[in-house]
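Here is a short tour for someone meeting this structure for the first time. Have a look at the sequence and the fold, and then read on.

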Amino acid sequence: MNNNYILQTTKLSKSFTQSSGDKLQIFSNINFNLEAGATVSIVGSSGSGKTSLLQILAGLDSPTDGYVSIDGENLQQMNSNQLCQLRNKKLGFIYQFHHLLPEFTALENTLMPLIIGNKSDKQGKEYANYILSKLGLGKRTQHYPSQLSGGERQRVAIARAVINQPKIIFADEPTGNLDNTTAHQVLDIFLSLQQELNTSLIMVTHDHEIASRTQQKLTLHNGELAN
Ligand SMILES: Nc1ncnc2c1ncn2[C@@H]1O[C@H](COP(=O)(O)OP(=O)(O)OP(=O)(O)O)[C@@H](O)[C@H]1O
């Protein structure tokens, strides 16, 4: 284990057994290392297995073979409770659709991971306000999702993903629902925040222009992850 690596995979493979009984191999033997603070994107054609890989890297699904280590801990040796704790403490998630709760304000949505973890206090609120203003939403903290634009909603989703100061953010098509200009604006703000917090980023996208904004771009093709 290299101490500089926040995430490592060893001989990671995933297959599904189809109703016919045939095996569908999605990827196999993936060995991938992510340095702390680094940003990487994973591109590949539709159905190549990007989301399946991301879910396994984040401990939301299990590989068929091999294992994932995050911060020196082997995910495949953890029970579901330990995985849940690891995700809450060390990981952040951003999806194509913001999944904000409509009955809560931007500030409350940002605080949701702390509220769920019973850790929402004055300091948490101050930090949430700081993050929201960094994301250009200082004057929108009391707005409900329906009162925000698409790009603003996605920025609240980013604020929610970083509120726990995660070691890694997993993003699945984070700008997929935005027009090109807004997508790049949101990414600009997100990447400057990611650098400030020294959080690592693994982003799945089908958009090569968006992917080129990360330090490394990997392609999942025919079950292999390559430069
Ligand atoms: N639970 C499952 N059972 C069987 N096959 C599955 C299951 N989940 C995904 N697959 C198959 O695995 C392959 C990879 O799916 P995945 O969603 O990871 O691809 P993707 O690269 O993210 O695609 P897209 O860009 O279209 O979202 C697909 O062919 C899909 O049909």
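## Strands, helices and a ligand

S15 has its bridge partner, Q25, in β2. Before going further, note that this is a predicted model, in which local features need pLDDT of at least 70 and side-chain atom pairs count only at pLDDT 80 or more, while totals for chains, interfaces and linings use all residues. Residues are numbered from 1 along each chain as its sequence is written.

Strand β1 (residues 5-17) pairs with β2 in the antiparallel sense, over nine bridges. Two strands count as paired if DSSP finds at least two bridges between them. The element names come from DSSP runs, numbered from the N terminus: helices are H or I with at least four residues, strands are E with at least two. The hairpin of β1 and β2 has five residues between the strands, and there G21 takes a positive phi near 95°.

Now for the sheet. Six strands make an open sheet with mixed pairing, in the order β6-β7-β8-β3-β9-β10. Its edge strands, β6 (91-94) and β10 (224-226), each pair on one side only. On average, neighbouring strands here are turned by 20° against each other, direction ignored.

| Pair | Sense | Bridges |
|---|---|---|
| β1 and β2 | antiparallel | nine bridges |

How do helices α5 and α6 cross, left-handed or right-handed? The crossing is right-handed (that is, the near helix is turned clockwise from the far one by less than a right angle). The axes of α5 (residues 150-162) and α6 (residues 180-197) come within 10 Å and cross at roughly 20°; axes are lines fitted to C-alpha atoms, for helices over the stretch in contact, with angles from 0 to 180 degrees between N-to-C directions. The two helices are therefore roughly parallel to each other, a label for angles under 35 degrees.

Among the residues around the ligand are F16, L24, I26, K50 and H206, where being near means a C-beta atom, placed from the backbone, within 6 Å. Both β2 (23-35) and α1 (50-57) give two or more residues to this shell. The largest share, three residues, comes from α1.

Terms used:
Parallel < 35°, antiparallel > 145°, perpendicular 65-115°, else oblique.
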